[in-house]
Amino acid sequence: MRRLFVLGVMLMIGAGAWAQGIKDVRINEVMVRNVDNYEDGYGKRIGWIELFNTGYSKVNLAGAHLSVKLGDTQYTYRIPSGDPRTEVAPRDYIIFFCDGTDTKGTFHTNFTLDQTGYLALLDASGKGKPIDEIRYDVSEQEPDVSIGVLETEDGPVFGKLPRTTPGATNDVIDEMPKHEKFRRMDPTGIVMTITAMAVVFVALLILYILFNLLGKTMKKVTQKRENASGKVSEPLLNKVKGNTFSGEAEIAAIAMALHMYRSEMHDKESTVLTINRVARAYSPWSSKIYGLRQIPNKK
Amino acid sequence: MLAEAANPGFLSFLGDNLQQFYTFTGFANLTWGHLIMIAVGMFFIYLAIAKHFEPMLLVPIGFGIIVGNIPFFPGMEVGIYEEGSVLNYLYFGVVKGVYPPLIFLGIGAMTDFSALISNPKLMLVGAAAQFGIFAAYMAVLGLSALGFDYTAAEAGAIGIIGGADGPTAIFLSSRLAPDLMGAIAISAYSYMALVPLIQPPVMRLLTTKKERLIHMKSPRQISQTEKILFPIIGLLFTAFLVPSALPLLGMLFFGNLLKECGVTKRLANTASGPMIDIVTILIGLTVGASTQATTFLTLKSIGTFAIGACAFFFATASGVLFVKFMNLFLKEGNKINPLIGNAGVSAVPLAARVSQDMGIKYDKTNYLLMHAMGPNVAGVIGSAVAAGVLLSFLG
C-alpha cells in the first residue's frame, strides 16, 4: 500500500514536471509561404514551425500536439513518441515542416499552414487550453517572410520578422558594425577628432600637472636637505662663480663620443685602452728569458 | 638502362613530371605584382644599408617583402596566409597583436623619460602632434565620401600612421582593419625611416629664423624617485582614461619601471636587448612577408600610402605650430624652440635627431636633442592613447 502511494506520488510529480516542461515551450517562428528559404531533409521548401524551449531544463515533446484546427484530428498532429530527437535542450529550438503528409517522419505534420490561419501547441491530451497559440491572416503572408515573437522595448510582440532565423533566436543582431554607426553620426570625423584629441590632451595634461607639482616638491626637498647639510646649491654655485655654461656642450660631446664608440670607431675591440697601470704578476711561462724568440746557442 | 631511358614512354613520363614540376616553381606563378614587390623589398634593403635609414627595421621588412613575394603554387603551406605554414605561425603574433606590446616593453626598458619629467610641459607637444592621426582619419572619410571604399574602421587604422609608431600602427590595424595591416605597417615604417626627409621642409616652412635660434633652458636633474614614480603614475592615469590602450601602455611603463627601479637590471637588459631584438626580427619579417602581391597591390593599399604621407605632414606641422602657440604664453627665457615640435610624433629617436640636426644647422651651439626627447617620448604615450581612443570608438 505504501509502495503504491509512493509510486502514485512519483507519477504525479513526474507528470507535473512534464507538464511544467511542456509549458515552457512556445511557438517562436512560423513561415507560411516558403519559396526560397529553409529546406527540409528531402530538399523541399515548405512552411515550417519553430518551437522554442524557454525553460532551463530539457523538454520532450513526444505526445504533444500541433494543431491548426482545434478538435479536428485531420488538422492536428501528434508528435510521435520514441524518437529521441523530440527532446529539446534548454533554450533550444526545434522545427516542424508542414507539408500535409504524415509519412515523412517525426518532423513533418499532417497539415499545412495556409489552411486556417491558426496554430496551436497542445499537451498530450490534445484538448483543453493550448499551451501557446497564434493567429495570422493567410492572405497577407509574403513569400519567405516569417512571423514570430520579437523582443522589443515594450515587451514581446508577434508579427513579421526582419529576417528568417530557423533554429535561432529571432532577435536579429544589428548588422551595422559599431564603426559604421559612429560614421553615420560623424561623417566628417570632426567629432572623433575633437573627442580623441581632448582625451589625449587630458591624459598628458594630467601627467604634466602631476609631474610639474612633483618636480617643484622635489626641488624644495632637495633645497631643504642641502640647506640642512650646509651645501651650496648648484645654481647658486654657478652664480657665485659666474658660471653660465649650460653643460649642453658637454652632454653633446659625451653623447657623440659614446655614439662613435658604440657604432663606428670601435666596433669590435679586443683590448681595453686605459690610463691605469696594468700590473702583471711574474710567471716563468710568460718570461722572455724562456721564450722561443731567444736565439739558440749554436755551440 | 640506356634502352629504358630511350623508351618513349619513359621520356613522356619524365616530360610530364618536369612540366608538373615547372608549375610548382616560382617562375610559373610569377606576376608583375610579385616583381614590383620584390623591387620594393630590395629598395628598402638599399635604403637601410646604403642610406642607414632605420636599418633595424627596414632590413627585416625589406627581406620579408622579398620572402612574401616569392611566387608559389597555392596549397603548399608555405605562404604567410596559408594555414599551417611556418610563416603563418609567426604571423600569428602580428594578427593577434602579440608583438607590439612586447616591443613596447623593450622601448620602455630602453627609454629615458628624464627629459620629459624635467620639463613636463613638453608632454603637451606630444599630445598636439597626434592631430596628424585624426587629420588622416578625416581625410580618409573624405575620400570615402568621394567614392573610395574605405570603412570608418579602416580610416582609423590608416590614421594611426600619423602617430609614427610602427608597433602601435600594427596593434591598431590588426584590430580595426586586418586586411590593410600590411600596407599600414609598411607605410608607417617607411615614413618613419624617411622622417629626416619629410620633416625638415615642414619645420622650415612653419618657423622663422628667430624662432629656430631659441636656446632652451637646460633640463634640471631628475631624482631616482621621480623616475620610479613616472611609470607608475603614468600607467595609472593613462590606462584608467583609455583602458583599451592597456596592452601598449602597460608594457611601455612596465619596461620603464624595470629600467628605473634599479633592482631588475637583468630583466631590463633582456627586455631592451635580446627580447626586443627577437620580436623586431619577427615583426619585421612577417609584416614584410604579409605584403604578398596578390593581396597587397590594391587601390586601397596605394591610397593608404598616400594618406600616410599626409598624416606625417599634419603631425609634424601640428607639433611645430603648437610649440609656437605655447610660446605666446611663455616668458622670455622659458620659450621653447619650435624645431622640437616635430618630435611630438613618436619615431623615437629619429624625430628628435631631426630636431638636433636642424638646431645645429642654424646655430652650432644650440643642442636640442635632449629637449626634443621630451616630446618624442610623450609622442609614444600620446599615440598609444590615441590608438586606445580609436579602438574604443571604432573597434
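Predicted model: local features only at pLDDT ≥ 70, side-chain atom pairs only at ≥ 80, totals over all residues.
In chain A, six strands are arranged as an open sheet with mixed pairing, and their order is β8-β7-β2-β1-β11-β12. The edge positions are taken by β8 (108–109) and β12 (155–160) of chain A; each has a single partner strand, so one side of each is left without a neighbour in the sheet.

Several of the pairings can be described individually. Strand β2 (residues 48–53) of chain A is joined to β7(A) by five bridges, and the two run antiparallel. Within this pairing, A:E50 has A:I95 as its bridge partner in β7(A).

## Burial of strand β7

Strand β7 of chain A spans residues 93–98 and is mostly covered, with six of its six residues buried. In a regular strand, side chains alternate between the two faces of the sheet. For β7(A), one side carries A:Y93, A:I95 and A:F97, the other A:I94, A:F96 and A:C98, and both faces are covered, as all of these residues are buried.

## Salt bridges

Side chains of opposite charge can pair when their charged atoms come close. Over all chains, the structure holds twelve salt bridges. In chain A, the side chains of A:R45 and A:E39 meet in one of them, with an N to O distance of 3.0 Å. A:R45 is partly exposed, at 35% relative accessibility, and A:E39 is likewise classed as partly exposed, at 37%. These two residues also belong to a network of salt bridges that links A:D36, A:E39 and A:R45.

In chain B, a salt bridge connects B:E154 and B:K300, whose closest N and O atoms are 2.9 Å apart. The pair links distant parts of the chain, 146 residues apart: B:E154 lies in helix α10 (residues 152–159) of chain B and B:K300 in helix α19 (residues 299–327) of chain B. B:E154 is buried, with a relative accessible area of 10%, whereas B:K300 is partly exposed, with a value of 24%. A further salt bridge is formed by the side chains of B:K324 and B:E211 (3.2 Å, N to O). B:K324 is located in helix α19 of chain B and B:E211 in helix α14 (residues 209–212) of chain B, so this pair ties together parts that are 113 residues apart in sequence. B:K324 is partly exposed, with a relative accessible area of 23%, while B:E211 is buried at 18%.

## Backbone geometry in chain B

Most residues other than glycine have a negative phi, and most peptide bonds are trans. The bond joining B:V348 and B:P349 is a cis peptide bond, with omega about -10°. B:P349 lies in the loop between α19 and α20 (350–362) of chain B.

Two residues have a positive phi without being glycine. For B:E54, phi is near 40°; this residue lies in the loop between α3 (32–50) and α4 (55–68) of chain B and counts as buried, at 17% relative accessibility. For B:A164, which is not a glycine, phi is positive at about 55°. B:A164 is placed in the loop between α10 and α11 (166–176) of chain B, and B:A164 is buried, with a relative accessible area of 1%.

Two packed helices are described by the angle between their axes and the distance between the axes. Helix α2 (residues 178–185) of chain A packs with helix α21 (residues 369–394) of chain B at an angle of about 95°, and their axes are 7 Å apart. The two helices, α2(A) and α21(B), are therefore roughly perpendicular to each other.

In this contact, A:K178, A:H179 and A:F182 of α2(A) meet B:S392, B:F393 and B:L394 of α21(B). By type, the residues of the contact between α2(A) and α21(B) comprise three nonpolar, two polar and one charged.

Conventions. Residues numbered from 1 in each chain as written. Chains lettered and ligands numbered in written order. Heavy atoms only, no water. Pairing = 2+ DSSP bridges. Helix = DSSP H or I, 4+ residues; strand = E, 2+ residues; numbered from the N terminus. Buried < 20%, exposed > 50% of the residue type's maximum accessible area, 1.4 Å probe, protein only. Salt bridge = Lys/Arg side-chain N within 4 Å of Asp/Glu carboxyl O. Axes fitted to C-alpha atoms, helices over the stretch in contact; angles between N-to-C directions. Parallel < 35°, antiparallel > 145°, perpendicular 65-115°, else oblique. Contact = heavy atoms within 4.5 Å. Nonpolar A, V, L, I, M, F, W, Y, C, P; charged D, E, K, R; others polar.
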